[in-house]
Amino acid sequence: VFDVPPKIEIYRARFIISYHNRVLQTLILSAPVGTVKGDFVLEAENVVDPSFEGLAKRPKFDAAIIVNDSPSGIPAAITMKGNEAILANMEHLNGLKEDLRKFILEKAAFPPPGRSYAIKQIADLIIPLSKTGKNLWDELPKNAKGLLNEKTQHIQIVDAVSGAYFPAEFIYWGEYPDNDAKLCPHGEKALESDSKACLENCTNKDNPKFVCPLDMWGFRMVIERQPATGEPQLGFILRNTTGSQKNNRANILDNVVVSVSNKVNSASKNAVRGLVKKLEKVSQKVSIAKNWKELAATVNKESPTLLILLPHSGVDATIPGKPPKLELGGEWLPRGALKEAHIIGPKSDRPVVLLLGCETKIAEIPFLNFIKRFKDCGAAMVMGTITQIDALRTVDFVKRLAAEIETSGNTKTFGELLLSSRRNMLAKGDGYALSLLAYGDSDQ
């Protein structure tokens with residue numbers, strides 16, 4: 001039985017199918033009200049996982065947030081935990097994505113590759129963002145915030161519709177900072193070592209005169225993002241799967257393929273060569289693909305576990321709608337022409353894709369469109385940035401990530417590796433940590 005608000009002609013209800021707070025599918029039921037003519041329609045809105053196989057063996061989430069736009073275009077978010085789900089109007093999110101991107105570009109202190117800044121160098125970035133993050137937290141209804149607490153370590157963010165975006169990484173749990181607030185002097189140590197002990201025992205906890213980086217979600221917990229899957233499909237979707245649907249924590253560095261845009265400058269090309277040498281020391285196999293055609297051939301031959309792509313992005317202005325495209329080695333590939341053959345080989349499970357080149361930011365359509373396309377074509381996870389980052393910075397990050405993977409001894413999931421990489425980068429004053437964004441299965 002549904003309670004229908006007055007003056008509603010078409011009633012819409014969202015169904016969420018989940019397992020231990022892991023969203024598997026969202027569905028929309030549409031039904032005419034009263035004397036209005038029409039059909040009852042059940043559509044699969046976002047099919048995150050079409051199969052229920054192996055769920056008991058996968059890590060559990062503490063909570064999930066489903067992000068969508070109402071039929072009128074107003075952003076909304078559903079906070080879900082167990083059998084509870086709380087809907088919140090998030091109209092204030094309109095324009096925030098672009099504001100965040102511009103602010104990070106303006107304020108972020110990116111040290112030269114191979115060098116570090118003290119974390120205090122990026123106080124002008126962290127402190128204002130903590131105020132934004134605190135406002136984001138306060139916008140959630142009290143009962144929704146009750147489903148999220150300081151014990152939350154793993155959360156899933158699901159985009160129910162294309163274009164939805166909830167800046168979870170920036171939510172701030174500390175007190176709203178005073179105008180003269182400073183970074184907590186214990187923050188740098190906490191980022192690099194025992195964060196749990198610091199959170200529990202810090203003498204500056206809940207003091208508005210200090211900002212703790214670990215009170216920001218992006219440095220506190222594993223966040224798994226899942227993109228919208230496109231057009232709704234009639235009915236509930238359930239498919240049997242053949243073979244493994246995840247790489248079961250196989251070493252991401254086992255078999256790496258690298259491909260780079262022709263537009264990177266000579267300094268960046270030298271940096272890429274240095275990256276390849278670094279990868280060759282920690283990987284069983286590293287291959288170079290000169291362009292998209294060679295990438296497909298290399299993927300078919302090598303079945304990689306990791307693709308590192310530094311493309312240049314653009315749009316095809318000759319076609320109505322100006323669809324996005326990516327360039328590697330001088331060869332442009334439209335989004336619609338990206339195939340499974342470019343991503344997944346015949347002998348491998350789904351690889352991780354680092355899509356970190358010039359102009360692949362999420363600032364409006366291109367990056368998000370390509371995330372979905374890469375996932376549809378077999379990628380387990382796709383990582384990009386919310387700001388434009390040059391190739392030198394990208395190469396430096398990949399080196400750091402490779403070191404994290406090597407140090408972990410294959411004991412951490414990719415989500416955990418990304419979290420520790422973010423923390424270590426911020427501790428060294430690298431604002432790039434705030435720009436990273438990943439979509440896909442965090443338990444790879």
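1. Helices here are DSSP runs of H or I with at least four residues, strands are E runs of at least two, and both are numbered from the N terminus.

2. Before going on, a word on the source: this is a predicted model, where local features need pLDDT of at least 70 and side-chain atom pairs count only at pLDDT 80 or more, while totals for chains, interfaces and linings use all residues. Residues are numbered from 1 along each chain as its sequence is written, and side-chain values use heavy atoms, with hydrogens and water left out.

3. Back to helix 10, residues 414–427: from first C-alpha to last it reaches 20 Å, close to the expected 20 Å. The expected span is 1.5 Å times one less than the number of residues. Just past the helix, Gly-429 has a positive phi of about 80°.

4. Helix 2 (residues 123–139) passes the same kind of check: its 17 residues should span 24 Å at 1.5 Å a residue, and the end C-alpha atoms are 24 Å apart, which agrees. Its buried residues include Leu-125, Ile-126, Leu-129 and Trp-137, but also Lys-131 and Lys-134.

5. Have a look at strand 19 (residues 381–385) too. With 5 of its 5 residues buried, it is largely enclosed by the rest of the structure. Met-381, Met-383 and Thr-385 cover one side, with Val-382 and Gly-384 on the other.

6. What flanks strand 19? Strand 18 (residues 352–355) runs parallel to strand 19, joined by 3 bridges, and Val-352 has Met-381 as its bridge partner. Strand 20 (residues 436–440) pairs with strand 19 in the antiparallel sense over 5 bridges, with Met-383 opposite Ala-438. Pairing requires that DSSP finds at least two bridges between the strands.

7. Last, Asp-215, in the loop between strand 9 (210–211) and strand 10 (222–226). Is Asp-215 buried or exposed? At 12% relative accessibility, it counts as buried. Its side chain makes a 3.0 Å polar contact with that of Arg-220; the term covers N or O atoms within 3.5 Å, where within protein one must be able to donate a hydrogen and the other to accept it, and residues adjacent in sequence count only if both atoms are side-chain atoms. Beyond four places in sequence, Asp-215 is in contact (heavy atoms within 4.5 Å) with Ile-171, Tyr-172, Trp-173, Gly-174, Leu-199 and Arg-220.

Definitions and conventions. Buried means under 20% relative accessible area, exposed over 50%, partly exposed in between (1.4 Å probe, protein chains only).
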